[in-house]
Amino acid sequence: LIDRVFKGSVNMMMSALVKIEVRPEYLDAYLKYAAEVGEISLRCEPGVLTMYAVREKENPCRITILET
């Protein structure tokens, strides 16, 4: 199905908005891993133009990621 949807769609732009909550005991490891994966996505995935991640001030374990 994905091949049928995207085949020939060179000019199509997609965005993803993701909200997650990480357990406090895994937060440091997650942030390190996410930074590595995000950098690889920006460098290697042809359609990834930008990636922003923000943490809530009141609860730093809640993270919102926007990828375009």
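These legends describe close-up views of a predicted model. Local features need pLDDT of at least 70, side-chain atom pairs count only at pLDDT 80 or more, and totals for chains, interfaces and linings use all residues. Residues are numbered from 1 along each chain as its sequence is written, and side-chain values use heavy atoms, with hydrogens and water left out.

View 1. Helices (H or I, at least four residues) and strands (E, at least two) are DSSP runs, numbered from the N terminus.

**View 2. The surface of the protein has about 5900 Å² of accessible area.** Carbon and sulfur atoms hold 59% of it. The areas come from the Shrake-Rupley method with a 1.4 Å probe. Of the 68 residues, 15% are buried. Buried means under 20% relative accessible area, exposed over 50%, and partly exposed in between (1.4 Å probe, protein chains only).

**View 3. Helix 2 spans residues 27–44.** Its 18 residues reach 25 Å from first C-alpha to last, close to the 26 Å expected at 1.5 Å a residue. That expected span is 1.5 Å times one less than the number of residues.

**View 4. Helix 2 has a buried side, with L27, G38 and S41.** These residues fall within an arc of 60° seen down the axis, so they line one face of the helix. The arc is taken from the directions from the helix axis to the C-beta atoms. The buried residues pack against strand 2 (51–55) and strand 3 (62–67).

**View 5. The opposite face of helix 2 carries exposed residues.** They are D28, A29, K32, Y33, A35 and R43.

Note on methods: Contact = heavy atoms within 4.5 Å.
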